[in-house]
Number of protein chains: 2
Amino acid sequence: MESTRILLEANEIPSHWYNIAADLPVPPSPPLGPDGTPARPEQLAAIFPPAIIEQEMSSARWIEIPQQVREIFRLWRPSPLVRAVRLEAALGTPAKIFFKYEGGSPAGSHKPNSAVPQAYYNHAAGIKRLTTETGAGQWGSSIALAGQMFGLDVRIYMVKVSYEQKPYRRLMMQTWGAEVFPSPSEITATGRKILATEPDSPGSLGIAISEAVEEAAGRADTNYSLGSVLNHVVMHQSIIGLEAKKQFDKIGLYPDLVIAPCGGGSSFGGIAFPFLGDKAAGDKRAEKLRAIAVEPTSCPSLTKGRYTYDFGDASGFTPLMKMYTLGHDFVPAGIHAGGLRYHGAAQHVSLLYREGLIEAVAVPQLATFEAGVQFARTEGIIPAPESCHAIRVAIDEALRCKESGEPKVILFNLTGHGHFDMTAFERYFSGKLEDYDYPAAAVEQSLAKLGRYE
Amino acid sequence: MESTRILLEANEIPSHWYNIAADLPVPPSPPLGPDGTPARPEQLAAIFPPAIIEQEMSSARWIEIPQQVREIFRLWRPSPLVRAVRLEAALGTPAKIFFKYEGGSPAGSHKPNSAVPQAYYNHAAGIKRLTTETGAGQWGSSIALAGQMFGLDVRIYMVKVSYEQKPYRRLMMQTWGAEVFPSPSEITATGRKILATEPDSPGSLGIAISEAVEEAAGRADTNYSLGSVLNHVVMHQSIIGLEAKKQFDKIGLYPDLVIAPCGGGSSFGGIAFPFLGDKAAGDKRAEKLRAIAVEPTSCPSLTKGRYTYDFGDASGFTPLMKMYTLGHDFVPAGIHAGGLRYHGAAQHVSLLYREGLIEAVAVPQLATFEAGVQFARTEGIIPAPESCHAIRVAIDEALRCKESGEPKVILFNLTGHGHFDMTAFERYFSGKLEDYDYPAAAVEQSLAKLGRYE
């Protein structure tokens, strides 16, 4: 029986993360402080432990994964690389379609790949508590899990409307021992200020970030953690691509295309960067590799945004980062891929796109659900709405292969299962879902406020 | 790095199921028709395909798993055997605790292990449609998945109260292309009759079974499928124990205890019977093996039921089967382990318990959730409420080892993840869950109606 599920042993979990900062075609633009000068590491020390700050700034190509982190990873890693033979047959394509399945983690997504090392480094630095924000709860549940593994108390500010409407992931966080508060809350000055003028505020990710950062900055025993966008988060996710490379080695194949959903950029960078590293190193197999970041048409930061300095958060608390952005106060439509509604893209993802080394494509919501349903009905797994974006483009590329007759090897990142997103599928089936284009005028407005530093 | 997650390759998926009918200590009592004479295979032919009927009656020790079934299994099998080192450390026990994790299937539980072969055999027999019933939806979602894999139309009668209150698994079934109707429905005579007198009937599993069987019996292109209790279903689940045996072989260990939740009996039989087969064959390693079936105190069919002939379904449509039963019209309390509310136990499980070859223990609801939360906080995975029953007893046995100093090897069946059961955890955390003893008087009443055939 031909193996369509390529597994690795526990001792094949990669020993090092891959840091693409070592292989960028041009030097990255440094983050800037509010005064326009490069941000200094010590400015981050109030909310991040030294090891994380070092990783954020590092240009070392390989950074060792601590033994204790790899031990937690063994709970679900290495994750399987699966050949989607039934999807291939349904499409009638000569392409070989593979997916790396990250939905087998206890939280059901790839997010614990960064939550676990972040909890570890904070624990190692003597930190006792972590704060973070969460929208739909994918990141919050991952940090709740990771905090529990290292004995850290975790406090999560959850956007109030999600807290009330999406109880399942909140309950996961509580099952893993985290405190979850609806944001805005009475706990922080930020929250109290908002509640004073708007007692019924539904909250926003921007407010929740502000609350989490405020608490972390004000307490010596408490740090903050972030689930995407930053360099160290993207690097932690490189374990996905590194494992996939080992798995392709086992079957003597190499992908022609690597496809991933792209919100903040960590799931895309996580699977694509190790292959791009091969390309940078002159690996012949990677010569023609195409890496495609897939974003929603409603939040097309790469394909429609501007490459400029912008804040990482909605409120303008973070250093300014050079990235493709729709403007930090841009609010996308309420699509179901909650993880793909970030206004910008990670710095290195942005730089590589600017330099033409990666591609980006924006896809409308309905087409992604159509692809997700086709995938579920052939390969069994019901994908998260975020993952459906990658599936859409993988199917489109496989159909192009059908036309051209090319037996390309396609790899995509199946970032998570959709068991918490079934109401989105219900809306799709009942015809209640719509496509949203991005509001060009609103983006113009949002971008017009930027531009102090290009 | 010591391997705590023992994996098998795709080509190590067992080639045959193990059928304990070949190794029973006494001959099984045959199912009886309504006239008290042994039921004949042809009586089942209206709703089951020939291969399933043959398996139901077979006493062959090994039955080959069709290649096409194994190909579907490769989507998630072999499932991992995991050593719960973090739980062991938290308990301070010298015991080695292992669990076989079945929650990685697309449906999130062990149920597809039987749904897939059932769909296959029906497809092979030229059947175009399957009907089944479902309560909370674990079985319904599995048969929806399996039907889709073989191009069968699937119609699921879902207990109306679950249909309305538990939309997530219903949406999974629809995502996999199944039709789902709230039961009682206007589709069947049974449903119409009930709705005529009780338009607001919340439905019951008994009614839903009747509807599904009625439709299957009345249409030549349509068969019925069942998710537990019957011999062939339990045998299909033996893949769990067979894989676990191979995995223990790889690390040179053998379990002293095998523990599983027991509702209808397929998850218990599935993991325990292959080891009991070793014992029957005189395997020295299995000499002292203890197999423990864990049931809820609210539905204690093995520990408090009577060993007698009873109907398999609530309405008395099926042949009479010799089993431990609380009476077929016994209705247990509304506990959260929906899968453990069956009034009886599978025939071979019952026979082995009667003969003293397996043990059974009943545990109260709160203690199972306590165990499940401890497991989630150490091993990461949030378990289904059914699985929490096995975890409770595994922890209790590990704590006994702590007292005695014995380094026993404990294996339990982690039948599914709890991502669809988070509201049950909420009720537990908020103190709203109660323990339920079984209503002895109601059981007496229910049993008093039986006894025609002992």
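Where in chain B does Ala178(B) lie? Ala178(B) sits in the loop between α8 (167-175) and β8 (179-183) of chain B; helices (H or I, at least four residues) and strands (E, at least two) are DSSP runs numbered from the N terminus.

Before we go on, a word on the model: it is predicted, with local features needing pLDDT of at least 70 and side-chain atom pairs counting only at pLDDT 80 or more, while totals for chains, interfaces and linings use all residues. Residues are numbered from 1 along each chain as its sequence is written, chains are lettered from A and ligands numbered from 1 in the order in which they are written, and side-chain values use heavy atoms, leaving out hydrogens and water.

Ala178(B) is buried, with a relative accessible area of 10%; buried means under 20%, exposed over 50% and partly exposed in between, using a 1.4 Å probe and protein chains only. Leaving aside residues up to four places away in sequence, Ala178(B) touches Ala144(B), Val154(B), Ile156(B) and Met173(B), where contact means heavy atoms within 4.5 Å.

Two of those partners, Ala144(B) and Met173(B), also take part where α6(B) meets α8(B).

Now look at helix α15 (residues 347-354) of chain B, where six of the eight residues are buried. These are Gln347(B), His348(B), Val349(B), Ser350(B), Leu351(B) and Leu352(B), and they pack against elements including α2 (50-57), α13 (266-280) and β12 (306-311) of chain B. Just after α15(B), Gly356(B) takes a positive phi of about 75°.
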